[in-house]
Amino acid sequence: KYMEPGSAIWILKPNLTNRGTGIELFDSCDRLQIVEAEENEDIREWVVQRYIDRPLLVDGRKFHLRAYVLAVGALRVFFFADVLALFSLQQYPAEGADTEIANYAAHLTNTCYQHRVEGGEEAFDENKAVRLWSELAGEVHGGEAALDFVTDSMHKLTGEVFQACAGEVGFFPVPNCFELFGLDFLVETKQPMATYDASAPATLPMDELYQVYLLEINAEPDFVQTGDRLRTIVEELLDLSTRLVSSHFFPDQVAEEVRSLPL
């Protein structure tokens, strides 16, 4: 009953692929059956999510947020302060227009996918595709208050998901181990699109303007998508992670330094 034709858009993701491979959009059970028949028969598990079709846009383009999270021992979790905003390079369909789900390039913000559809490295505009969330205050309705609200929401969701998973089968926090994860978030707009003029002051509370969703968690995240311009972000992430992991084994020596880290 939730998949009556035209009632909603759904996104289908193969469970064990990456780089945007095999992702499909559909709006009916008939289309889902066609997709299943066309896909590789070796793929046995899929994730189906209701597609969020009112994303926050910047310059008319959709983006998702990539946050890096370090889990240490059993269990401390650290959220890296610099969050990436990873963009589609094509315009998102206007509100009220045909959703045009056949144009996947406007909907799928995976950087590797954008590389492919744009024709490779030479045609790919890294400066438009990969930015920092903190750079967007002047391009988002609500400015710094909106960025703070979204960031606080990401912190809360991260804490909740790791707390929920800590006792589950398949996730085993081990006292003397650590792991880096890439968490992907999407910001949904809750008001008509005309509300979100970046140059106009916000008159509604942030929680009436925006909703933040956790899309997925990536083990062994691909740092290549950060690009050359923001390469130092990854270098700082790895440096901070090394110091945090060291603090787990030598707490007395580095405790003061860890307290001052931007995480």
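These exercises walk through a predicted model, each with a worked solution.

**Exercise 1. Strand 1 and its partners**

Find how well strand 1 is covered, and which strands it pairs with.

Solution. 
- Step 1. Start with burial. Five of the five residues of strand 1 are buried, so the strand is mostly covered.
- Step 2. Sort the side chains by direction. W10, L12 and P14 point one way. I11 and K13 point the other way. Residues on both sides are buried.
- Step 3. Look for the partner strands. Strand 2 (residues 24–26) runs antiparallel to strand 1, and three bridges join them. Strand 3 also runs antiparallel to strand 1, here with five bridges.
- Step 4. Pick out residue partners. W10 stands opposite F26 in strand 2. P14 has W46 in strand 3 as its bridge partner.

**Exercise 2. Two contacts across the sequence**

Solution. 
- Step 1. Check its cover. The relative accessible area of I9 is 8%, under the 20% limit, so I9 is buried.
- Step 2. Read the first distance. I9 and I52 are 43 residues apart along the chain, yet their C-alpha atoms are separated by 8.0 Å.
- Step 3. Check its cover. V48 has 40% relative accessibility, which lies between 20% and 50%, so V48 is partly exposed.
- Step 4. Read the second distance. V48 and W10 are 38 residues apart in sequence, and 6.9 Å separates their C-alpha atoms.

**Exercise 3. R61 and its surroundings**

Is R61 buried or exposed? What does its side chain reach?

Solution. 
- Step 1. Locate R61. It is found in strand 5.
- Step 2. Apply the 20% limit. R61 has a relative accessible area of 4%, so it is buried.
- Step 3. Follow the side chain. The R61 side chain reaches the backbone oxygen of K128 at 3.1 Å.
- Step 4. List the neighbours. Leaving out residues up to four places away in sequence, R61 touches L56, F87, S88, L89, Q90, Q91, Y92 and K128.

**Exercise 4. The length and cover of helix 5**

Solution. 
- Step 1. Turn to burial. The buried residues of helix 5 are G143, A146, L147, V150, S153, M154, T158, V161 and F162.
- Step 2. Recall the helix geometry. An α-helix has 3.6 residues a turn, so residues three or four places apart point the same way.
- Step 3. Name the cover. It includes strand 5 (61–72), strand 6 (76–79), strand 9 (178–189), helix 6 (206–209) and strand 10 (210–219).

**Exercise 5. Aromatic pairs**

How many aromatic pairs does the whole structure hold? Classify the pair Y68 and F223, then the pair Y196 and Y210.

Solution. 
- Step 1. Count. The search finds five aromatic pairs.
- Step 2. Classify Y68 and F223. Their ring centres are 5.2 Å apart and their planes meet at 55 degrees, so the pair is tilted.
- Step 3. Y68 is in strand 5, and F223 is in the loop between strand 10 and helix 7 (231–249). The pair links parts of the chain 155 residues apart.
- Step 4. Check burial. Y68 is buried at 2% relative accessibility. F223 is partly exposed at 25%.
- Step 5. Classify Y196 and Y210. With centres 5.5 Å apart and planes at 50 degrees, this pair is also tilted.
- Step 6. Y196 lies in the loop between strand 9 and helix 6, and Y210 in strand 10, so the pair ties together parts 14 residues apart in sequence.
- Step 7. Check burial again. Y196 is buried at 11%, and Y210 is buried at 1%.
- Step 8. Ring pairs link F63, F87 and W133.

**Exercise 6. Cysteines**

How many disulfides does the structure hold?

Solution. 
- Step 1. The count is zero.
- Step 2. Check C165. Its relative accessibility is 29%, so it is partly exposed.
- Step 3. Check C177. At 42%, it is partly exposed.

Note on methods. Residues are numbered from 1 along each chain as its sequence is written. This is a predicted model: local features need pLDDT of at least 70, side-chain atom pairs count only at pLDDT 80 or more; totals for chains, interfaces and linings use all residues. Side-chain values use heavy atoms; hydrogens and water are left out. Buried means under 20% relative accessible area, exposed over 50%, partly exposed in between (1.4 Å probe, protein chains only). Helices (H or I, at least four residues) and strands (E, at least two) are DSSP runs, numbered from the N terminus. Contact means heavy atoms within 4.5 Å. Rings of Phe, Tyr and Trp (its six-membered ring) pair if their centres lie within 6.5 Å; planes under 30 degrees apart count as stacked, over 60 as edge-to-face and the rest as tilted. A disulfide is a pair of cysteine sulfur atoms within 2.5 Å. Two strands pair if DSSP finds at least two bridges between them. A polar contact is a pair of N or O atoms within 3.5 Å; within protein, one must be able to donate a hydrogen and the other to accept it, and residues adjacent in sequence count only if both atoms are side-chain atoms.
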